[in-house]
Amino acid sequence: MRYVSSRGAAPVLGFADVLLAGLAADGGLYLPAEWPRLSESEIRAFRTMPYPAVALAIFERFTGGEIDRATLQRMVDEAYATFPHPAVAPLVQVGPRDYVLELFHGPTLAFKDVAMQMLSRLMDHVLAERGARATIVGATSGDTGGAAIAAFAASTRTDVFILFPHGRVSPVQQRQMTTHGAPNVHAVAIEGNFDDCQALVKAMFNDQRFRRDTALSGVNSINWARIMAQITYYFTAAVSLGSPDRAVSFTVPTGNFGDIFAGYAAKRMGLPVDRLVIATNQNDILARTLASGRHEKAGVHATTSPSMDIEISSNFERLLFEAAGRDPETVRRLMAGLQQSGAFTLPAPMLETIRAEFDAGATSEAEAAATIREVVEATGLLLDPHTAVGLSVARRQGGDAPMVTLGTAHPAKFPAAVEAASGRVPALPASHDGLMERAEVFDRLPNDLNAVQTYITERAKAALAKGQAA
Ligand SMILES: Cc1ncc(COP(=O)(O)O)c(C=O)c1O
Ligand SMILES: N[C@@H](CCOP(=O)(O)O)C(=O)O
């Protein structure tokens, strides 16, 4: 399996190199050169397989033999053993046609654990084979950071730097990042929003010298392996509702577009997905893009679903590449427009191609709160605000296919918003006992590339030197 960059000017790489590269050297995002296809009978067989077995069958299509089966199997088994729920990602019916896919039963109570627990094992394995270390830099609006820290705290080959927007993550999210105590992990509060943090990360990847000197790698969904690991649950959910003999639709609470792009990948692999619905909060750039064809920044609003307070939606670039017939020149032109003027207009054929598979809708704060209240009163199920954004948009969609809304976080990560909406206080699971009492350790930096690079260089170089000496 080979991977190509959405901007067409980076080397074509195999899986292990793409895993360590994060962002492509030309600033683009890697995608498989060709989509692997599963037959109907292979998909049907997933109905009786446990989650880790389905994951293994999917990952093997993307690793292209670079990791032997027994090693991959061990990693998959270990990764999903960290999920106390036997189904890993259970499906809960909330209406005649509506289901919620609970992706938050992992160590940090958000869907990021599903991929991050796999990513840390893949990276440690590849780095050990190469006798190397890596410096991982990630941006988070709240959940990626905690999941990465939990997954990489035991890593012996990486130093992890997580940039989060100061004052814009929930107290539970912040403490998951700041109370871990692992010496190889650094939580850094940036004076800015998530887009600022993500721009810093991309700028570091685009600084070739810094990239080389620090052996830079990434764990955001710009890393293809994150998307790969998120494909599995589209298959497990769809087959439990009758696929491949029945098409299923998905609504995805969306920010950086990684999760919904994994659904698109599942469809390209042969899963009969009817509609893919992008659900946004007030940060509705993607809903506006699908409505008008104009992709235009308008400023980020702080909402009660803070992990989706994102305007530069990185993985949308992967969809642009696909919708442009994989023409990197078109992607480069559109991304240059976004960089220079904060906007671009989709050519009409690209918009049509996207609309043929995707719908989109935005939700107000009041609608999301009403959804939390109505669902708990009708079913007893307490939703988190991100999942509520998704379900609120899902309920507006037509069509006969079963509609699965991705349940992306546990309500106890956002207790204030959930209590304000429903009058109920969600309890943190026992795995989080004592979290809110532990001492926090984090540094605070300005939104300044130079300051952040200096901070990382000082810490990463010392660790890299120690690793080489050992
Ligand atoms: C709870 C939650 N829901 C939804 C999203 C949006 O997912 P994506 O960025 O993959 O679109 C995020 C952040 O990524 C999140 O943390
Ligand atoms: N919502 C995310 C933002 C980063 O997304 P990623 O999927 O690209 O890592 C978060 O919680 O950090």
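**Notebook: helix packing in a predicted model**

Started with H10 and H11. In this predicted model, I looked up helix H10 (residues 224-240) against helix H11 (residues 258-268): their axes come within 8 Å and cross at roughly 65 degrees. I noted the crossing of H10 with H11 as right-handed. On the H10 side I find Arg226, Ile227, Gln230, Ile231, Tyr234 and Phe235 in the contact; H11 brings Gly258, Asp259, Phe261, Ala262, Gly263, Ala265 and Ala266. Sorted by type, I get eight nonpolar residues, three polar and two charged.

Next, H5 and H6. I have helix H5 (residues 112-130) packing on helix H6 (residues 143-152) at about 35 degrees, axes 9 Å apart. This crossing is right-handed too. Lys112, Asp113, Met116, Gln117, Leu119 and Ser120 of H5 touch Asp143, Thr144, Ala147, Ala148, Ala151 and Phe152 of H6. My tally for that contact reads six nonpolar, three polar and three charged.

Then I checked H6 for burial. Ten of its ten residues come out buried, so H6 is largely enclosed by the rest of the structure. That list includes Gly145, Gly146, Ile149 and Ala150. What do the buried residues of H6 pack against? I found H5, strand S5 (134-139), strand S6 (158-165), helix H7 (171-178) and strand S7 (185-190).

Technical notes. Residues are numbered from 1 along each chain as its sequence is written. Chains are lettered from A and ligands numbered from 1 in the order in which they are written. This is a predicted model: local features need pLDDT of at least 70, side-chain atom pairs count only at pLDDT 80 or more; totals for chains, interfaces and linings use all residues. Axes are lines fitted to C-alpha atoms, for helices over the stretch in contact, and angles run from 0 to 180 degrees between N-to-C directions. Helices (H or I, at least four residues) and strands (E, at least two) are DSSP runs, numbered from the N terminus. A crossing is left-handed if the near helix is turned anticlockwise from the far one by less than a right angle, and right-handed if clockwise. Two residues are in contact if their C-beta atoms, placed from the backbone, lie within 7 Å. Ala, Val, Leu, Ile, Met, Phe, Trp, Tyr, Cys and Pro count as nonpolar, Asp, Glu, Lys and Arg as charged, and the others, Gly among them, as polar. A residue is buried if 20 or more other C-beta atoms lie within 10 Å of its own, exposed if 12 or fewer, and partly exposed in between; C-beta atoms are placed from the backbone.
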